[in-house]
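Thanks for making the time this morning. I would like to go through a few local features of this model, and I will give the cut-offs as we come to them.

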Amino acid sequence: MRDLNEVDVSRTVPVRRFTWRTDQYHRPGLEYMVSTRRHHGYESFEEECLLLVADFAAGLREALSQPFRLRFHAGGKRVDHTPDYLLLTDTGPFVIDVRPAGQIHPEDELKFAATFEAALAAGWRYGVVTGWRRHVWETVDAFSAERRPLTNVLDMHGQLRAAASQGPLLLGDLVERCSIPAVARAHALHLLWRRELGADLSAPYGDASLIRLAPVEPRGVRS
């Protein structure tokens with residue numbers, strides 16, 4: 001297991017192919033990630049949510065779907081498990097399984113425990129995503145609407161930064177201080193996605209959200 005840390009995981013391909021057909025119970029698809037500038041496969045809505053949140057979080061370098069198959073023996077039987085993702089981040093590899101909390105069975109717990117031991121031996125982190133606080137997921141989804149580059153002809157970025165530099169402001173007040181508030185809203189989402197502005201994620205996002213200017217390093221902000 002320790003040898004996993006010596007493998008060039010960036011050259012791996014998914015263990016299983018992503019397929020689509022009309023009678024599928026789950027919902028597969030492809031999610032575009034700004035961090036990697038390409039599409040990544042997912043097999044459920046929950047996995048799509050993970051990719052979006054991982055794309056928003058600072059420090060993501062690569063996301064690998066179904067990176068390897070773990071094979072072990074338990075109770076006299078051979079057990080196979082393929083983790084959902086391996087995220088390569090600035091702080092090291094992070095193996096992740098995605099499973100809604102109400103759908104985790106004893107056999108899943110065994111597989112997750114074995115994957116944790118494998119990740120630990122390789123010096124990697126491991127986690128199981130069982131769900132999201134609804135308002136956090138909806139807020140990140142809102143930010144993602146303007147995640148691609150925007151043309152800043154009217155210097156909305158400068159106007160938003162100048163207003164935010166005067167101290168934390170409610171979103172409604174922040175955009176009203178710009179020359180065209182409706183346009184400023186879209187650019188505010190873009191700067192929030194890029195972490196050049198910060199928002200309080202402890203409450204739903206809206207006009208009452210407190211917005212502040214980020215520190216000098218855009219990607220190092222904690223919203």
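Thr-115 counts as buried, because its relative accessibility is 1% and buried means under 20% relative accessible area, exposed over 50% and partly exposed in between, with a 1.4 Å probe and protein chains only. This is a predicted model, in which local features need pLDDT of at least 70 and side-chain atom pairs count only at pLDDT 80 or more, while totals for chains, interfaces and linings use all residues. Residues are numbered from 1 along each chain as its sequence is written, and side-chain values use heavy atoms, with hydrogens and water left out.

Thr-115 sits in helix 2, residues 106-122, where helices (H or I, at least four residues) and strands (E, at least two) are DSSP runs numbered from the N terminus. Setting aside neighbours within four places in sequence, Thr-115 is in contact with Leu-70, His-81, Pro-83, Val-95, Asp-97 and Tyr-126, contact being heavy atoms within 4.5 Å.

Leu-154, by comparison, is partly exposed at a relative accessible area of 45%, and is found in the loop between helix 3 (134-144) and helix 4 (156-164).

Three strands form an open sheet in the order 9-11-10, with antiparallel pairing, where two strands pair if DSSP finds at least two bridges between them. Strand 9 (169-170) and strand 10 (197-199) are the edge strands, each pairing on one side only. Between strand 9 and strand 11 (residues 210-213) there are two bridges, in the antiparallel sense, and Leu-170 has Leu-210 in strand 11 as its bridge partner.
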